[in-house]
Amino acid sequence: MTTIFGSRAPNGEAPSPARALDKLSRIPVLREKYLRHTAGGAEPALSDLPTLGRDELGRAIDTLVRNDPSALTRASLHVMGGTRSTMRMGAVPADLYLDEIAPHVRPFEQGDLFTTLGTPFHMRACQDLHNGLASRAGVPTLSMDAPTDQMIDAYLDLFERHGVNALGTTLDTFRSLLRYCAAAGRDLGFLHKVLWSGPAMDSATRSLIRTHFPHLRTWALFGSAETWIIGHSGPDCANDTLHPLPHQYTEIVDGRMLVTVTHEKAVVPLLRYETGVEAEWTSCPCGLPGPAVRTHSRIDAPMGPLSRVVSPRDLVPLALRLDSVEAAQVVLVDPHTEDERLHLRVRLRQETQPDLYTGEWIRQHVLSESLGLSEATEDAPESFEVIVSRHMLRELPDGTAPEFLVREGGRLQIQSISTPNQGSYDTFSA
């Protein structure tokens, strides 16, 4: 079953894919994918086109950066993750679609003083967007890096002393601040508004706010490095709910959210891009017109905060690059909890003698080659560990084993890793 909603032509049809197909088919790594849809005289319907995967998009942008940089004129490029040899990048217009987003997201008013807390990689672009929205409203901004746990008190003292009443950051950083303040007994009375980019408001964060900081009003910009901002939610919206922005086109196909961007500003158009998010159409009590989308889990990247820069597709090949490693496997332990950890299990070749330093040597190799993993685990090095073992988990008699497993509450699951265009996001219990 397919349900659609989004940017509509006057006749109510989905946006024409013709111009986007023409542009995408000129990128060598996507030419074969779209060749049969550009041949012949009839324009295909959007629903007849294949979906576009995250890795495909990353390879396409990497190809343009290497071979045709002129195609990226007026683009804002950002690293989505990957490794030093297989970098994944995202590309959005240099103006970050500010004209298209600003009319729908208006948290600011005269007299506000807005501070943004930047985080690594593509979230830097979100900091620019937050500042742009504030500037459009005539509100002064103060840009800083997100604080470590040791610096939270000093940051909050600075904000309170200088009259900061609005904050822009990521949901993960916002949650860390809330949890710290709840434990320390700080009431955050000086702070009135929070704007973040990432997921919509979830029930756990809502409960934390209602219990300890009921005065806070929150706005969310929902999206990803690949799609940019898909939708928004405000203080009166339901949990996990967003309102799609009209310059894009949203489909929900068998519970999966697909996004199409054929806007004239698009650096690389998106045709039925697989967001990796489970979702359904719903209504929202906030009163905004049109249907809303309720999001569920991010089913292609269940690693919580690490998922923005780390993929099992990255870590396993990095380990196998070493002559001493015969097999490798990623195990995610207790995702979306305070105890979330990432284990890289490796089986060494028979001629390699394990010693006290083998695991740490492999760990340092992976950290140095994986973009973002080192910084993401800097404050919690225990969250990433290399385990040397004679056997992989769920190993078959022929020595093969799943590349990615999830251990949650003592229960082990084999997590499938989607292949391009297949839309395979199922989780199989082992």
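Visitor: Which residues does Leu129 touch, not counting residues up to four places away in sequence?
Guide: This is a predicted model, and the contacts are computed from it. Leu129 is among the residues with the most contacts inside the largest nonpolar core. With residues up to four places away in sequence left out, the residues that Leu129 touches are Leu96, Leu98, Ile101, Leu221, Trp228 and Ile229.

Visitor: Is Cys126 buried or exposed?
Guide: Cys126 sits in helix α5 (residues 123–136). Buried means under 20% relative accessible area. Cys126 has 7% relative accessibility, so Cys126 counts as buried.

Visitor: What separates the C-alpha atoms of Cys126 and Trp228?
Guide: Leaving aside neighbours within four places in sequence, Cys126 is in contact with Ser197 and Trp228. Along the chain, Cys126 and Trp228 are 102 residues apart. Their C-alpha atoms are separated by 9.0 Å.

Visitor: Are helices α2 and α3 parallel or oblique to each other?
Guide: Two packed helices are described by the angle between their axes and the distance between the axes. Here the axes of α2 (residues 28–38) and α3 (residues 54–67) come within 8 Å and cross at roughly 130°. That angle makes α2, relative to α3, oblique.

Visitor: How many residues of the contact of α2 with α3 are charged?
Guide: On the α2 side the contact is made by Pro28, Val29, Leu30 and Lys33, and on the α3 side by Glu56, Arg59, Ala60 and Thr63. Of these residues, 4 are nonpolar and 1 is polar. The number that are charged is 3.

Visitor: How many of the 14 residues of α3 are buried?
Guide: The buried residues of α3 include Leu57, Ile61 and Leu64, and also Arg54, Asp55 and Glu56. Helix α3 is largely enclosed by the rest of the structure, because the number of its 14 residues that are buried is 10.

Visitor: How far does helix α10 reach from its first C-alpha to its last?
Guide: Helix α10 (residues 358–369) has 12 residues. At 1.5 Å a residue, 16 Å is expected. The computed reach is close to that, at 17 Å.

Key. Residues numbered from 1 in each chain as written. Predicted model: local features only at pLDDT ≥ 70, side-chain atom pairs only at ≥ 80, totals over all residues. Heavy atoms only, no water. Core = buried A, V, L, I, M, F, W, Y, C linked by side-chain atoms within 4.5 Å. Buried < 20%, exposed > 50% of the residue type's maximum accessible area, 1.4 Å probe, protein only. Contact = heavy atoms within 4.5 Å. Helix = DSSP H or I, 4+ residues; strand = E, 2+ residues; numbered from the N terminus. Expected span 1.5 Å × (residues − 1). Axes fitted to C-alpha atoms, helices over the stretch in contact; angles between N-to-C directions. Parallel < 35°, antiparallel > 145°, perpendicular 65-115°, else oblique. Nonpolar A, V, L, I, M, F, W, Y, C, P; charged D, E, K, R; others polar.
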